[in-house]
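Welcome! Please take a look at the sequence and the structure shown here, and then read on for a short tour.

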Amino acid sequence: MINLERRKALKTGSGLGMLAILSAMGLIQPGVSLANYEKNAFDAKSMSETLEALGVHALEDNSSIRLTVPEIAENGAVVPITVSSLIEHTEQIFVLVEKNPNVLAASFTFPEGTESFVTTRVKMRETSLVIALIKAKGKFYRTAKEVKVTAGGCGG
Amino acid sequence: MGNPMRIRAAVQDGITEVKILMQHEMETGLRKDAEGTLVPAWNITELKAVHNGKTVLEGHFGTAVSKNPYLVFRFKGGVSGDKITVSWIDNKGDTRSDEVAIS
């Protein structure tokens, strides 16, 4: 299975040349970069496709995840988001916007010693649920909040 | 070679907070220019922060991360004067790497 995925990655071509150079420089470690499941997740359109690509089969709501978003975003092009997880052994945080053309906005991986906390800014096409998805010890947890968008941030 | 990032890193009570402002268009691939042609997607796809040879954060971005991406994260350890290196790569294979000392 893993090998098949790797074949696919190798076939996809051009951009990977640079990745090979970067790997050689030690800038981006092979195996970590372009994890194929993540690429599929970023390309996925719907919530269900995205969750499937990420390998999420069961999902629990969890109040130990703090998601800070504005209630109303006047500018959908710049919506500040802060996620912090009090769940032990949080490995990854995914930021999802349910009604965006591609649901997955960003993912972050936290090595031992890094706090499971991140602040960033995302674009939102329209009023939507924003979901913080946490992976901890191979299990997935989520919390969600709605952000009302008065001017969309996608397209022109 | 991409445009330089602005990075600030400060340590307080054993926790280092890193703030990064990247300069990148982050085109969604859905926007049309004045002539009505689609502007192709152009976005940072991967990001990595390294402290003393150890990776302290890895990130993957889709096109929905805002133009000129902003990021804040925290890690344990880090001493004033330590170097932190942040690198990104975009979907066209362009890269940028910048270094800052913890204050």
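Ile7(B) stands opposite Ile20(B), a residue of β2(B). Strands β1(B) and β2(B), the latter covering residues 15-21, pair in the antiparallel sense over seven bridges. Here strands are DSSP runs of E of at least two residues, numbered from the N terminus, and two strands pair if DSSP finds at least two bridges between them.

This is a predicted model, in which local features need pLDDT of at least 70, side-chain atom pairs count only at pLDDT 80 or more, and totals for chains, interfaces and linings use all residues. Residues are numbered from 1 along each chain as its sequence is written, while chains are lettered from A and ligands numbered from 1 in the order in which they are written.

Both chains contribute to an open sheet of six strands, with antiparallel pairing, in the order β2(A)-β4(A)-β7(A)-β5(B)-β2(B)-β1(B). Its edge strands, each pairing on one side only, are β2 (65-68) of chain A and β1 (6-12) of chain B.

| Strands | Sense | Bridges |
|---|---|---|
| β1(B) and β2(B) | antiparallel | seven bridges |
| β6(A) and β4(B) | antiparallel | four bridges |

Within β4(B), Glu58(B) is the bridge partner of Thr109(A).

Altogether, 34 residues of chain B are in contact with 36 residues of chain A, contact meaning C-beta atoms, placed from the backbone, within 7 Å. The elements giving two or more residues to chain B's side are β3 (44-51), β4 (54-61), β5 (70-76), β6 (83-90) and β7 (95-101) of chain B.

The model scores ipTM 0.96 and pTM 0.84.

How values were computed: Two residues are in contact if their C-beta atoms, placed from the backbone, lie within 7 Å.
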